[in-house]
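I'd like to walk you through one model, so let's get it up on the screen.

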Amino acid sequence: MASRLVLVIGDLFIPDRAPFKKLLTPGKIGQILCLGNLTDKETYDFLRQIAPDLQIVKGNFDVDAPNLALSKVVTHGSLRIGFTHGHTVIPPGDADSLLITARHMDVDVLLWGGTHKFEAYELEGKFFVNPGSATGAFSTGWFPDGEEPIPSFCLMDVQGDVLVLYVYQLKTDANGVENVGVEKVSFRRNTSQGVS
């Protein structure tokens, strides 16, 4: 499969607070992996306009979508990429629990949501990504006192066994000016390891 950009987005909750709408234009993104908590039809329709290949898993607040799967697996290049909202991972966001989930799903990359906070790391040859909340929706219990959620999403570019992750975050400086920052993180599957 040729390289195509994959949007990783989740925990939207607040459709009228969508700071990244201008950046997400039709024709540039080949697939969207939505990690749940879409919560309204207007946002679904917007995402569908960006890329017709919209894959969604059920979040803990997607009550009007009882038939959504709790997790899915897609393949890009030679990487198997699993995704889930994260509310079924106990304790939430725990690295060992996420590793068990990745092994159970037999994936090289595990995308999860639910914490509303961006994270990306490698553990035991697997790559773990939480894109955060695209709208910066508040979540109880995940942030230290005084810390606010930072709106974020990710774009993935997969070529063969290499995944390049572009992380978009809306940051506010000391003067209250908002700017979109972009970071790049890369992952290469270790092909010398045995089958997991």
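Let's start with one arginine: Arg103 is partly exposed, at 47% relative accessibility, where partly exposed sits between buried, under 20% relative accessible area, and exposed, over 50%, with a 1.4 Å probe and protein chains only. Before I go on, this is a predicted model: local features need pLDDT of at least 70, side-chain atom pairs count only at pLDDT 80 or more, and totals for chains, interfaces and linings use all residues. Residues are numbered from 1 along each chain as its sequence is written, and side-chain values use heavy atoms, with hydrogens and water left out.

So what does Arg103 pair up with in a salt bridge? The partner is Glu124, with the closest N and O atoms 2.3 Å apart; a salt bridge here is a side-chain nitrogen of Lys or Arg within 4 Å of a carboxyl oxygen of Asp or Glu. Arg103 sits in helix H2 and Glu124 in the loop between S7 and S8, so this pair ties together parts that are 21 residues apart in sequence. Helices (H or I, at least four residues) and strands (E, at least two) are DSSP runs, numbered from the N terminus. Glu124 itself is exposed, with a relative accessible area of 53%.

Asp108 and Arg189 meet through their side chains at 3.6 Å, N to O. Asp108 is in the loop between H2 and S6, and Arg189 is in the segment after strand S11 (178–188), so here the linked parts are 81 residues apart in sequence. Asp108 is buried at 14% relative accessible area, while Arg189 is partly exposed at 23%.

Then there's Lys41 with Asp45, closest N and O atoms 2.9 Å apart. Those two are 4 residues apart in helix H1 (residues 41–50), which means about one helical turn separates them. An α-helix has 3.6 residues a turn, so residues three or four places apart point the same way. Lys41 is exposed at 55%, and Asp45 is partly exposed at 32%.

Now the sheet. It's an open one, 5 strands in the order S4-S5-S6-S8-S7, with mixed pairing; two strands pair if DSSP finds at least two bridges between them. At the edges you have S4 (71–76) and S7 (119–123), each pairing on one side only. The twist averages 20 degrees from one strand to the next. S7 and S8 (residues 126–130) run antiparallel over 5 bridges, and Leu123 has Lys126 in S8 as its bridge partner.

Back to H2, residues 95–105: this helix packs on the sheet, touching S4, S5 (79–84), S6 (109–112), S7 and S8, with contact meaning heavy atoms within 4.5 Å. Its direction makes about 115 degrees with that of S8; axes are lines fitted to C-alpha atoms, for helices over the stretch in contact, and angles run from 0 to 180 degrees between N-to-C directions. The buried residues of H2 are Ser97, Leu98, Leu99, Ala102 and Met105.

Beyond its neighbours within four places in sequence, its contacts include Asp11, Asn37, Lys58 and Trp112.
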